[in-house]
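Hi,

Here is the structure I said I would pass on. Have a look at it first, and my notes follow below.

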Amino acid sequence: MAKLPPFPDTSGRRDWRTAVDAIRKLMANGDDTTQVFRIMRALNVGNAPENYAKLLATSQGGRIAHDQVELAARFADPAFVASFAPGTVGAAYRHFLESTGYSADGLVAVSKLAPTEEDIAHPYAWMGRRIRDTHDIWHVLTGYKADESLGEACLVAFSFAQVGGLGWAFIGSAAALKSLKVTGSALFAKAVWEGYRHGRAAAWISGEDYLTLLHEPIDAARARLGIRDPAIYREAQRVLGPAMASYLSERREEAAAVAPERMAA
């Protein structure tokens, strides 16, 4: 695979002090998504050039990189989101947005660590935005819920296997380790490990043409991409219950009200 030069004006050094501060805050409140992006910037040194080079090496990658479509803008367009036929990846994404209240614009806003921060006009920066903007599509494809700690931790592990970046591994490992004490069970951690294994086994999803993928029937897309059924994840959801599956979230009290009984693992 071709090796590209590093991002201009970067030291190539990881900022562990920032990463540790951010992971402490994230483990105290899993809803504080800003900390995720602090960790990514601190630890994912060299990740964007690697993934950009990998994209260029795919059959469609040259065209995709040339077009440099900003996916967040497309995903934030109500007419675009409404255009997908039932049963497609796009329709499942539409349901995801409606059921969670999340939005592409919201993810973009959280990723900007300063109000005046602007998107950098550089291929590596565009590749980073592409990975960021497809995060919720990956939730849809994998079946990992976005509004619970367990689902996010599993997708983080899946993402590390797919695109690398030490930040993903740092977050997933911290969530899994803390779960052993909080839930009194190894199921959470086992589900996270399953997410990593499934990410390794699947095709490289970042190389997909998402504007085409969204029109594909979702079951066919999962089969083509080799995305496996997350059986351990679903078992962990069932056994731990909503409260423990969302142990990092400040909204866990709401989950506990829905299912107040904590099931023993």
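Predicted model: local features only at pLDDT ≥ 70, side-chain atom pairs only at ≥ 80, totals over all residues.

**Helix packing, confidence and rings**

Helix 13 crosses helix 16 in a left-handed sense. On the helix 13 side, the residues making the contact are L187, F188, K190, A191, E194 and R197. Helix 16 brings A231, I232, Y233, E235, A236, V239, L240, M244 and A245 to that contact. Sorted by class, the contact comes out as 11 nonpolar and 4 charged residues, with no polar ones.

For the geometry, helix 13 covers residues 187-201 and helix 16 covers residues 231-245. Their axes are 9 Å apart, and the packing angle is about 140°.

How confident is the predictor in the chain? The mean pLDDT is 91, and 92% of the residues reach 70 or more. The stretch to watch is residues 252-265, where the pLDDT is below 50. In the model, that stretch still has 16 contacts beyond near neighbours in sequence.

I also went through the rings: searching the whole structure gives 14 aromatic pairs. Y52 sits in helix 3 (residues 47-56) and Y124 in helix 9 (residues 123-133), so the pair ties together parts that are 72 residues apart in sequence.

Cheers

Key
Residues numbered from 1 in each chain as written. Heavy atoms only, no water. Axes fitted to C-alpha atoms, helices over the stretch in contact; angles between N-to-C directions. Helix = DSSP H or I, 4+ residues; strand = E, 2+ residues; numbered from the N terminus. Left-handed = near helix turned anticlockwise from the far one by under 90°. Contact = heavy atoms within 4.5 Å. Nonpolar A, V, L, I, M, F, W, Y, C, P; charged D, E, K, R; others polar. pLDDT = per-residue confidence, 0-100. Phe/Tyr/Trp six-rings, centres within 6.5 Å; stacked < 30°, edge-to-face > 60°.
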